[in-house]
Amino acid sequence: MNKERESLSGVIRFFRGSQLLGLNMHDGKTTIFDLSEECNVTIPTNCTSGTCGTCMVTLNSGIVPLPEELPPGLDVELVENMARLTCIGIPLGDVDIDVRPPL
């Protein structure tokens with residue numbers, strides 16, 4: 001494995017508040033939603049394209065890049081409060097997610 005690929009892969013941990021719900025290794029290519037399903041963490045979803053916002057979660061730590069143009073399911077205020085959409089979000093490195101959307 002080359003250094004670039006190693007930096008993209010990591011561990012994703014799913015929380016509800018301080019309660020750890022599950023964790024999973026990832027390759028830096030799989031969506032948060034798919035990773036949550038692999039470790040039996042339920043996150044509601046609907047559109048799977050970033051349009052509806054149903055799968056919104058809070059990024060507690062780590063990097064989940066945003067598209068250059070925000071999808072309809074997100075706005076600047078939500079992003080400033082660390083909102084991410086699991087259907088399109090792909091974690092880079094180690095990431096902690098709260099399955100609840102930002103307040």
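A polar contact is a pair of N or O atoms within 3.5 Å. The model shown in these views is predicted.

**View 1. Asp94 makes a side-chain contact with the backbone of Val11.**
Asp94 sits in strand β5. Its side chain reaches the backbone nitrogen of Val11 at 2.9 Å. Is Asp94 buried or exposed? Asp94 counts as exposed, at 56% relative accessibility. Leave aside the neighbours within four places in sequence, and Asp94 is in contact with Gly10, Val11, Ser61, Gly62 and Ile63. Leu21 gives a sense of scale: 73 residues along the chain separate Leu21 from Asp94, and their C-alpha atoms are separated by 16 Å.

**View 2. Five strands form an open sheet.**
The strand order is β2-β1-β5-β3-β4, and the pairing is mixed. Which strands lie at the edges? They are β2 (19-26) and β4, each pairing on one side only. On average, neighbouring strands of this sheet are turned by 35 degrees against each other, direction ignored. Strands of a sheet pair through backbone hydrogen bonds, either parallel or antiparallel.

**View 3. Strands β1 and β2 pair in the antiparallel sense.**
Strand β1 covers residues 10-16. How many bridges join β1 and β2? There are seven bridges. One place to look is Ile12, which stands opposite Asn24 in β2.

**View 4. Strands β1 and β5 run parallel.**
Four bridges join this pair. Find Phe14 and look across to β5: the bridge partner is Ile97.

Strand β3 spans residues 56-63. Strand β4 spans residues 83-85. The two pair in the antiparallel sense over three bridges. Here Val57 stands opposite Arg84 in β4. Strand β5 (residues 92-98) also runs antiparallel to β3, and four bridges join them. Thr58 has Asp98 as its bridge partner in β5.

**View 5. Strand β5 is largely enclosed.**
Why is β5 described this way? Five of its seven residues are buried, so the rest of the structure largely encloses β5. Asp96 lies in this strand. Asp96 counts as buried, at 13% relative accessibility. Its contacts, leaving aside neighbours within four places in sequence, are Arg13, Phe15, Thr58, Leu59, Asn60 and Ser61. Compare Asp94 in β5: Asp94 counts as exposed. In a regular strand the side chains alternate between the two faces of the sheet.

**View 6. The largest nonpolar core has 21 residues.**
Which residues touch the most other members? They are Ile12, Phe14, Ile43 and Ile97. The elements giving two or more residues to this core are β1, α2, β3, β4 and β5. Zoom in on Ile97. Not counting residues up to four places away in sequence, Ile97 touches Ile12, Arg13, Phe14, Phe15, Ile32, Val57, Thr58, Leu59 and Asn60.

How many disulfides does the structure hold? The count is zero. Look at the two sulfurs. The cysteine sulfur closest to that of Cys47 belongs to Cys52, at 3.7 Å. A disulfide needs the sulfur atoms within 2.5 Å, so 3.7 Å is too far for a bond. From the side of Cys52, the closest cysteine sulfur is that of Cys47. Cys47 is partly exposed, at 26% relative accessibility. Cys52 is partly exposed too, with a relative accessible area of 36%.

**View 7. Asn40 and Met82 have positive phi values.**
Start with Asn40. Its phi is positive, about 60 degrees, although Asn40 is not a glycine. Where is Asn40 found? Asn40 is in the loop between α2 (32-38) and β3. Asn40 counts as exposed, at 69% relative accessibility. Now turn to Met82. Phi of Met82 is near 70 degrees, a positive value in a residue other than glycine. Met82 has its place in the loop between α3 (76-80) and β4. Met82 is partly exposed, with a relative accessible area of 33%.

Technical notes:
Residues are numbered from 1 along each chain as its sequence is written. This is a predicted model: local features need pLDDT of at least 70, side-chain atom pairs count only at pLDDT 80 or more; totals for chains, interfaces and linings use all residues. Side-chain values use heavy atoms; hydrogens and water are left out. Buried means under 20% relative accessible area, exposed over 50%, partly exposed in between (1.4 Å probe, protein chains only). Two strands pair if DSSP finds at least two bridges between them. Axes are lines fitted to C-alpha atoms, for helices over the stretch in contact, and angles run from 0 to 180 degrees between N-to-C directions. Contact means heavy atoms within 4.5 Å. A polar contact is a pair of N or O atoms within 3.5 Å; within protein, one must be able to donate a hydrogen and the other to accept it, and residues adjacent in sequence count only if both atoms are side-chain atoms. A nonpolar core is a set of buried Ala, Val, Leu, Ile, Met, Phe, Trp, Tyr and Cys residues joined through side-chain atoms within 4.5 Å.
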